[in-house]
Number of protein chains: 2
Amino acid sequence: MPEAQHSASSVDSPRPAVEKHRRHKPLRIALFGFGTVGSSVARILVESKPQELKLTHIFNRNVARKRVDWVPEGVVWSDDADAVLGSDADVIVELAGGLDPAGAWVRRALEAGKSVVTANKKLIAFHGVDLERLAEAKGGHLKYGAAVAGGIPVIPGLEQGLAGDHIVRIEGILNGTCNFILSQMQEGAEYAPVLATAQAKGYAEADPTEDVGGFDARAKLAILMRLAMRVEIDPEEIVPKPITTIAAVDFSYARDLGCTIRQVARAEHFGDRLAATVGPMLVDLRSPLAWSQGTENMVIVKGQYGGNVVFSGHGAGGHPTAVAVVSDLLAMAHGSRRVEVPSAPAKVGAEFEVPHYIRFLVADRPGIVAAITGALAEEQINIRAIVQKAGYPADALPFVVTVEPCKSSALQRALAKVREMDCMLVEPLDLQMLENGGE
Amino acid sequence: MPEAQHSASSVDSPRPAVEKHRRHKPLRIALFGFGTVGSSVARILVESKPQELKLTHIFNRNVARKRVDWVPEGVVWSDDADAVLGSDADVIVELAGGLDPAGAWVRRALEAGKSVVTANKKLIAFHGVDLERLAEAKGGHLKYGAAVAGGIPVIPGLEQGLAGDHIVRIEGILNGTCNFILSQMQEGAEYAPVLATAQAKGYAEADPTEDVGGFDARAKLAILMRLAMRVEIDPEEIVPKPITTIAAVDFSYARDLGCTIRQVARAEHFGDRLAATVGPMLVDLRSPLAWSQGTENMVIVKGQYGGNVVFSGHGAGGHPTAVAVVSDLLAMAHGSRRVEVPSAPAKVGAEFEVPHYIRFLVADRPGIVAAITGALAEEQINIRAIVQKAGYPADALPFVVTVEPCKSSALQRALAKVREMDCMLVEPLDLQMLENGGE
């Protein structure tokens, strides 16, 4: 069994770390999944030749079509998961994704005392706590630095570098697909053609729901909340808002308000209450959240003592994610252990009270503004501005109302009345406005 | 002796990490230095009460005047360094700074088998390699996450999160004092009054040479180069340029060029050759380097596989630096070990070839431009633009020449001829232009 699985200390052997691991055999690595990320991991291992790591197995369905000539001869190619799980590999690198069968593979590997490195945010978001306990009980390790913002060392940063702080807020741009779509739409395009471009470039799946619906970002937020805020939540307590209802006109109005639109995942402690949300939001053009372009990711954590820290870079893609996987493998080989932070189950019980942007699309007629303002007034929501740009037809007129900080639930009650009006051509679009993003 | 000093593995004890460290006694911490950072460390330990850490000693000269009532009663206050070094403290937290006597204290602590956490960039830049070897030989640990960009987890990010990549370039805004001065000057002020403001706010020392001369940033760059690029350099091979020669007029010209000015520390591998430099530079207003405001720090590393990663936040100040110290202490208590990256001695032998901005201040007379362009032509340096803004007096006329990418050494030879001209009122100011900062 590899050194990484035995970093328990023994009081009488203060032997220096470097000398020690050089004498040990390299960790034997089995890749589960040889797609973009898996082949990038293999590529880095082959090119960089870290002496601590040895690629021994590659598992993939129909593995024959995956075979490449640049992988060393001794590596076993297999489409038999059981055989690879039962092999002498020390670490399973799980890159298949999804809960099933990846979850079963990970569990079996950990039960056999092997260690696991995974990029599977869904598995870690829903079952990470259990899997970590299983790893501890069996003497293995579980690392998932690639699960959130793959190419950006947010997880080691939180575990190692900010463990001494008390993180009170997380704001993240955690989904590269959404950021690509929204930063392209910022230039004037509509959603559908940009999605098609994203699909053509391989940035979006044929069924993009997981990304554009906010489910991917939600899973990553749940992982960050556990590591940074030390709360274990049920990801399904957060109902994400999709970006699919954003139109080019919203970017035009946003710009007039000094903002742009990004898919943001946020969580914050308000005393002992916890708020968390995922969806498209207006962000100030001067805030760090507006810096992210294309498929970039960004995470901003606010510490009680250290203030804001911004991490930014390529969150996904084969090579950046593979760097995170190889870094996790090296950390295991060197016996590096995460700083264990106690986390506890928690409920998402609070709401953010922020200004909102509400865009209506109406067949114009007298009395619409009076009806909207009346519905808002009934919920004690104060209007900040009513904005209507020239140049749109009266039979499909977009206009915007911004309101002072209020709870989404109160606003939804007000909008429930408004949306029953005949003149509403589409559902009113309600977006939170992050005026102080990253401050 | 504490667990942190004995993370050597023993093959027959796969006991889970969490259970294990909970059974052990907390690490006993001695603070050397109770200034801004030291008292912030004590404050976090007292408020957060991490069970793994116990503050036992506080050393400071004339310690009586430092005593505060919120530190627990059992803590020993001392102005006797020998006594504290000889005590039962497990870890010395060195916050005195400078090479002497801090270096001697650190060495003695390590020789006694204790571990050390330090924020002392100068000590680590000049003696880090030796001190790490000493720590390894004696069974202790040396951590210095607070030495570079204190509140930003760059060092854990590099050691743990990017170990799997091959870092080819570092660009950093590593000195908060310079960034405060330059970002204030960006608003139109001159150097001297802004320095006075910085001194009044406690952002600059009475003698600011270490900061504004670039020596502080140079030490930090040397540390980052070792961790990220795995080269051990003599910091004195880098001759930093001071920011003291920058004037308000330079920000005015920079803005016309779509740029601002920042103190940047950069290093890059060109094949097996290494370039490194520290000084004020023109940075594109759209580049991440222009985002940093006030005393913020930023580090951008470019990996062969993962591309650019940006870290940003509060680089200095009591609380952010203290977070880095406490995080290092927690990592020690949890037996976390850095990923050992092999580094090797290297020479800074290459030069950057980038465009330059050259500002002249002259008593205007015919023939000046002809003389300058002639001197540049002799060195095969191509002029990109000659810019002269209206509104300045002819007897003290600032004007700017920008040139295509060239080596600083060639430009210096050309400028050596120019600066002999009678009409030159001050030394020509030559700044590198980072057109692709962070890209």
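What percentage of the contacts in chain A with a separation of 6 or more do residues 24 or more positions apart account for? The share is 76%, two residues being in contact if their C-beta atoms, placed from the backbone, lie within 7 Å. The structure is a predicted model, in which local features need pLDDT of at least 70 and side-chain atom pairs count only at pLDDT 80 or more, whereas totals for chains, interfaces and linings use all residues. Residues are numbered from 1 along each chain as its sequence is written, and chains are lettered from A and ligands numbered from 1 in the order in which they are written.

**Figure 1. Overall dimensions of chain A.** Chain A comprises 14 helices and 17 strands; helices (H or I, at least four residues) and strands (E, at least two) are DSSP runs, numbered from the N terminus. Its radius of gyration is 24 Å, close to the 22 Å that the globule rule gives for 439 residues, so chain A is as compact as a globular protein of that length. The radius is taken over C-alpha atoms, and the rule is 2.2 Å times the number of residues to the power 0.38. Along the principal axes, the C-alpha atoms of chain A fill a box of roughly 80 × 50 × 35 Å. Of the 439 residues in chain A, 55% are buried, meaning that 20 or more other C-beta atoms, placed from the backbone, lie within 10 Å of the residue's own.

**Figure 2. The parallel sheet of chain A.** Six strands form an open sheet in the order E3-E2-E1-E4-E5-E6, with parallel pairing; two strands pair if DSSP finds at least two bridges between them. Strand E3 (76-78) and strand E6 (142-143) of chain A are the edge strands, each pairing on one side only. Strand E1 (residues 27-32) of chain A is joined to strand E4 (residues 91-94) of chain A by 4 bridges. In E4(A), Val91(A) is the bridge partner of Ile29(A), and Val93(A) is that of Leu31(A).

Figure 3. The chain passes from E4(A) through helix H4 (residues 102-111) of chain A to E5(A) in a right-handed β-α-β crossover; with the strands pointing away from the viewer, the path from the first strand over the helix to the second runs clockwise.

**Figure 4. Helix H10 of chain A.** Helix H10 (residues 215-229) of chain A has 15 residues and reaches 20 Å from its first C-alpha to its last, close to the 21 Å expected at 1.5 Å a residue. The expected span is 1.5 Å times one less than the number of residues. H10(A) is mostly covered, with 15 of its 15 residues buried. Arg230(A), whose phi is positive, near 65°, follows H10(A).

**Figure 5. Sheet pairing in chain B.** In chain B, 6 strands form an open parallel sheet in the order E3-E2-E1-E4-E5-E6. Strand E4 (residues 91-94) and strand E5 (residues 115-118) of chain B pair over 4 bridges. Thr118(B) in E5(B) is the bridge partner of Glu94(B).

Terms used:
Buried ≥ 20, exposed ≤ 12 C-beta atoms within 10 Å, placed from the backbone.
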